[in-house]
Amino acid sequence: AERREARKRAKAAAERREARIAAGLPPDSPERPKKPEKKPEKKVKTEKPPTKPLHPPKPPPEPPLHKPLAAVRCEVASCGKWRRVPRTVLRELTPHARWVCAFNAHAPLETRKCEWPSEWTTDDERLAWLGEQDAAERDARAAGAKVEGDPEPEPEPEP
């Protein structure tokens with residue numbers, strides 16, 4: 001009979017422990033006291049003198065960054081395909097620098113080969129895509145976005 005009572009107490013203790021864990025309490029802590037419900041009190045409005053905010057206002061968020069794309073042509077004689085790259089890559093090319101498909105670090109590894117098909121089958125398709133890129137950049141500038149590769153504006157001098 002004593003063993004049966006001991007098992008019942010152990011089972012009840014285990015259930016209480018599981019309930020505490022489920023409530024987000026440590027397993028061996030006492031239960032949280034229940035808070036008495038507060039009745040809403042009518043507050044009398046009193047005018048307070050204006051005070052300075054505790055924290056200065058947060059600066060406005062940074063404008064989004066637009067990353068324009070460009071097309072660059074592979075200079076391997078047997079390839080000559082056009083590839084899509086960030087415009088910063090095109091700006092970094094010097095007149096005497098060569099660019100080949102393997103240099104396209106912004107593309108997945110398997111597409112960095114001259115054997116990979118060109119993205120555009122005709123010059124008209126490529127030119128239409130470049131027009132879409134220019135329009136997207138104009139829209140981004142109109143919306144206040146920063147454009148990757150543009151020089152940073154000089155900070156305004158403080159009086």
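Of the 159 residues in the protein, 19% are buried, a class defined by a relative accessible area under 20%, with exposed set at over 50% and partly exposed in between (1.4 Å probe, protein chains only). The model is a predicted one, in which local features need pLDDT of at least 70 and side-chain atom pairs count only at pLDDT 80 or more, while totals for chains, interfaces and linings use all residues. Residues are numbered from 1 along each chain as its sequence is written, and side-chain values use heavy atoms, with hydrogens and water left out.

The secondary structure comprises three helices and four strands, arranged from the N terminus in the order α-β-β-β-α-α-β; helices are DSSP runs of H or I with at least four residues, and strands are runs of E with at least two. Among contacts with a separation of 6 or more, 51% link residues 24 or more positions apart, a contact being heavy atoms within 4.5 Å.

One aromatic pair is found in the whole structure. The ring centres of tryptophan 120 and tryptophan 129 lie 4.9 Å apart with the planes at 45°, so the pair is tilted (centres within 6.5 Å; under 30 degrees stacked, over 60 edge-to-face, the rest tilted). Both partners count as buried, tryptophan 120 because its relative accessibility is 10% and tryptophan 129 because its relative accessibility is 7%. Elsewhere, the charged end of arginine 126 sits over the ring of tryptophan 82, 3.8 Å from its centre (CZ of Arg or NZ of Lys within 6 Å of the ring centre and within 35 degrees of the ring normal).

Terms used:
Phe/Tyr/Trp six-rings, centres within 6.5 Å; stacked < 30°, edge-to-face > 60°.
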